[in-house]
Amino acid sequence: MSPSGHPLFTFTESDFLELRGLYEQFAPVGSPEPRLLSANDELAAELGLDPRALHGADGLAVLSGNQVPAGATPVAQAYAGHQFGGLSPRLGDGRALLLGEVIDVHGRRRDIHMKGSGRTPFARGGDGRAAVGPMLREHLIGEAMHTLGIPTTRALAVVATCKHVVRDSVLPGAILTRVASSHLRVGTFQYAAMHDRELLRALADHAIERHHPNAAEAPNRYLALVESVLAAQASLVARWMLVGFVHGVMNTDNMTISGETIDYGPCAFMEAFDPATVFSSIDHGGRYAYGNQPPIAQWNLTRLAEAMLPLLADDTDGAVAAATAVLETFPDRFHEHWTAGMRDKLGLVDVRPDDEALFAELLGLMQSQRVDHTAGFRSLSGVLIGAPERARSLFADRDTFDDWARRWIDRVSAQGPDAHAAAAATAMDRVNPIYLARNHLVEAALSAATDGDMAPFDELLGVVLRPFDERPGLEAYTLPAPADFGTYRTFCGT
């Protein structure tokens, strides 16, 4: 496959290519008769691209894998990973390729990555392809997370390949072009640690330069890297949970060093509040349930620290002690982010000793009365401005809710002489979304797209791109799944 001269991307020199042993050079297989399903013009502009080029024949040739763009050196990345607690020493990009890196309009380095572009040396017997539904899911949920203010990878485009993939049934194929600040994972460090200490050191130096430059100034730069990754992940998981997001497959190969959400497989947004919520069809023990996400994040970070031990100190005991001291800070860091987010969701601008009891009581009521997480929080602003009916209607035991609400209103009012209920309500509506990628709507949109009708997907995408702005005529997008939708289960899409 010869390189194209089409300037869709202007790639910059990649330091990652110096990390020999962490990738295999490979080219996309290509796609007959590709067709553009969805293009992210806003992201294209952010990358410094001409959005019109995504929609043209030359752009389609690149996005489908039929042309390798000039300046690209496609590679399949190597990494390991603990999957549901068990170590797989060699995973890697079995159906994905890193095309290269670009500098966006803000001066940030971004990876351009193709998913579903054919078998690679890491395919482990897979076909290297992807189906339309899972690739559109990744595009949709990634944009939903981005507009909610949560760090995430994003899709630049999804292209139908006109090839079929065989899963439980025969499905139309697709390629997703993904953009991330990088694709370095905890599993990347695990892989390097199992193979070459100097490669591990070079990888750590690369990660510091690219993502955590402040660590370079620390007395122990590698310990500072672990601490910086931990801080980023504590913030990320707190943000997930504040909007009811369940990742579903928090394996170590799905945790980035940058602190971006990656790999939207069996993910979903929780409706009725319940910490035990699980969506993944293969998570039979609830390892990655909504409420388990903080301890699982800490567990994954412990695996990162284990991989980094040879770099942390000259002796093992010293390295373990230093790593443990950092890892033990995770619960407090997470809790700090989560409680700050809860105060924002409830219109609180200062810190009071009884706040956490107030939070716990509300969540307890929501769980026992199966209140929708998104609708429940969004409705609370109305209580502050004398319109409590919407919120009260969500609670079966309205007297108990009213008692909690009176104490919450008193708490808001006690913030000082400048405290105004209307201002607090407005602030709450800026952080509590009214629209979300609700599970039944996602499934309906993906099912229609699989059958060739993109209209429901495009409409749902347009709704979630403005999650905080209430708009007439979109009431159906605020409602939880109907009773006949049943128990929701998601799949990895591999």
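The model is predicted: local features need pLDDT of at least 70, side-chain atom pairs count only at pLDDT 80 or more, and totals for chains, interfaces and linings use all residues. Residues are numbered from 1 along each chain as its sequence is written, and side-chain values use heavy atoms, with hydrogens and water left out.

**Whole chain.** Show the cartoon. You have 17 helices and 14 strands, taken as DSSP runs (helices H or I, at least four residues; strands E, at least two) and numbered from the N terminus. The C-alpha trace spans about 70 × 60 × 40 Å along its principal axes. Of the 494 residues, 56% count as buried (under 20% relative accessible area; exposed is over 50%, partly exposed in between; 1.4 Å probe, protein chains only).

**Salt bridges.** The structure holds 35, each a side-chain nitrogen of Lys or Arg within 4 Å of a carboxyl oxygen of Asp or Glu.

Select Asp263 and Lys115. Their side chains meet at 3.3 Å, N to O. Asp263 sits in the loop between β13 and β14, Lys115 in strand β9, 148 residues apart. Asp263 is buried at 14%; Lys115 is buried at 9%.

Next, select Glu271 and Arg438. Their closest N and O atoms are 3.2 Å apart. Glu271 is in the loop between β14 and α8, Arg438 in the loop between α15 and α16. Arg438 is buried, at 2%.

Move to Arg390 and Glu470, a salt bridge at 3.9 Å. Arg390 lies in helix α13 and Glu470 in the segment after α17, so the pair ties together parts 80 residues apart in sequence. Arg390 is partly exposed at 44%; Glu470 is exposed at 52%.

Finish on a network: Glu42, Glu46, Asp104, Arg108, Arg110, Glu143 and Arg154 are linked by salt bridges.
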